Amino acid sequence: MKSFSNTFFLSAGDANAEGCLALTALATKIIEIATEHANILGIGNPEWEHLNVGWVLSRLTIEMTRYPKVNTEYVIKTWIEDFNRHFSTRCFSIEAPDGSPYGYARSIWMLMDATNHSNYGLGHIKLSQELIKGDSVPIERQQKHIPIMPPGTPPAETGKYLVATSEPYHYRFKYCDLDFYRHVNTVRYIAMLLNQFSLSEHDEYMIGRLELSFLHEASFGMETVLYRSDENDSPLLSSFQLYDVKGEKALLFARVQRKTR
């Protein structure tokens with residue numbers, strides 16, 4: 001089965017304040033359908049329990065032209081675009097029941113060793129080329145991320161880094177931020193980013209594109225600081241970088257592109 005699809009009904013519980021599919025709910029469904037398809041192909045997490053490894057996201061890009069409305073159905077389709085010794089690239093289309101597109105997503109996955117939390121690699125997986133669809137999606141791939149420095153840092157003459165344009169946001173991760181691997185869940189990161197915008201901003205603008213690049217794991221009790229840098233020439237494009245305060249390492253880089261509803 002090269003591709004797999006599911007139809008979902010958008011209830012109020014998965015809708016946002018504007019009556020559309022919440023981006024956090026969409027990310028959850030994307031992860032769920034990827035998991036289900038991997039299980040069908042015989043490469044899902046149950047296959048690797050004896051190795052103490054499991055699939056985790058390395059990168060995720062979601063690009064939407066519109067969102068499903070509450071009390072309507074929508075369809076998510078998924079397939080493997082690429083598969084190598086280190087990573088697997090999986091694509092998604094989000095559609096109305098009549099096949100018209102809402103948007104697309106591309107994700108990069110790795111198998112994480114749950115013992116030392118390193119990339120286990122995919123060299124042991126023998127996946128037939130007949131199960132790799134290979135098709136891409138019509139969205140740009142993620143650009144290289146640029147570090148974000150604290151407010152007041154002198155601008156970089158060479159453009160090697162961005163400077164935060166807002167006050168830093170501090171957060172300590174708690175129990176409900178964690179997933180099965182006891183690191184911070186992807187959806188929790190997305191919620192943190194969306195909460196950087198006011199209700200009136202969400203009412204006026206929708207998220208057109210979201211890029212997430214996971215750099216290091218975040219864990220329970222970790223004190224973090226989030227820097228935000230808005231583009232001067234494109235105020236609806238915001239870059240974010242999340243840092244571990246004590247470890248002084250970057251945990252996440254993200255870009256959020258908004259557009260008028």
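**Questions on the model**

Modeller: To begin with a single residue of this predicted model, Arg-182 is found in the loop between strand 8 (169-172) and helix 2.

Biologist: Is Arg-182 buried or exposed, and with what relative accessible area?

Modeller: A residue counts as exposed when its relative accessible area is over 50%. Phi of Arg-182 is near 65°, a positive value in a residue other than glycine. As for its cover, Arg-182 is exposed, because its relative accessible area is 69%.

Biologist: In which loop does Asn-52 lie?

Modeller: Asn-52 also has a positive phi, of about 60°, although it is not a glycine. Its relative accessibility is 39%, so Asn-52 counts as partly exposed. Its place is in the loop between helix 1 (23-41) and strand 2 (53-64).

Biologist: How many of the residues of helix 2 are buried?

Modeller: Helix 2 covers residues 186-194 and is mostly covered. At its start, a side-chain oxygen of Asn-185 comes to within 2.7 Å of the backbone nitrogen of Val-187. Among the buried residues of the helix are Tyr-189, Ile-190 and Leu-193, and the count of buried residues is seven of nine.

Biologist: Which backbone oxygen lies 2.9 Å from a polar atom of the side chain of Arg-255?

Modeller: Arg-255 is in strand 12 (residues 249-260), and its relative accessible area is 11%, so this residue is buried. Beyond its neighbours within four places in sequence, Arg-255 is in contact with residues including Gln-143, Ile-146, Leu-210 and Glu-211. The oxygen lying 2.9 Å from a polar atom of its side chain belongs to the backbone of Lys-144.

Biologist: Which residue has the backbone oxygen that the side chain of Trp-79 reaches?

Modeller: Trp-79 is found in strand 3 (residues 73-83), and it counts as buried because its relative accessibility is 7%. With neighbours within four places in sequence left aside, its contacts include Lys-2, His-37, Phe-92 and Lys-133. At 2.7 Å, the side chain of Trp-79 reaches the backbone oxygen of Asp-135.

Biologist: Turning to the whole protein, why does it count as compact as a globular protein of its length?

Modeller: The secondary structure comes to three helices and twelve strands. For 261 residues the globule rule gives 18 Å, and the protein is as compact as a globular protein of that length because its radius of gyration is close to that value, at 19 Å.

Biologist: What share of the contacts with a separation of 6 or more joins residues 24 or more positions apart?

Modeller: Buried residues make up 47% of the 261 residues, and the C-alpha trace spans about 55 × 45 × 35 Å along its principal axes. Of the contacts with a separation of 6 or more, the share from residues 24 or more positions apart is 67%.

Biologist: How far apart are the mean positions of the positive and negative charges?

Modeller: The protein exposes about 13200 Å², of which carbon and sulfur atoms supply 51%. It has 26 positive and 31 negative charges, and the distance between their mean positions is 2 Å.

Terms used. Residues are numbered from 1 along each chain as its sequence is written. This is a predicted model: local features need pLDDT of at least 70, side-chain atom pairs count only at pLDDT 80 or more; totals for chains, interfaces and linings use all residues. Side-chain values use heavy atoms; hydrogens and water are left out. Helices (H or I, at least four residues) and strands (E, at least two) are DSSP runs, numbered from the N terminus. The radius of gyration is taken over C-alpha atoms; the globule rule is 2.2 Å times the number of residues to the power 0.38. Buried means under 20% relative accessible area, exposed over 50%, partly exposed in between (1.4 Å probe, protein chains only). Contact means heavy atoms within 4.5 Å. Accessible areas come from the Shrake-Rupley method with a 1.4 Å probe; for residues, only the protein chains shown count as cover. Lys and Arg count as positive and Asp and Glu as negative; His and the chain ends are not counted. The place of a charge is taken as NZ of Lys, CZ of Arg, CG of Asp or CD of Glu. A polar contact is a pair of N or O atoms within 3.5 Å; within protein, one must be able to donate a hydrogen and the other to accept it, and residues adjacent in sequence count only if both atoms are side-chain atoms.
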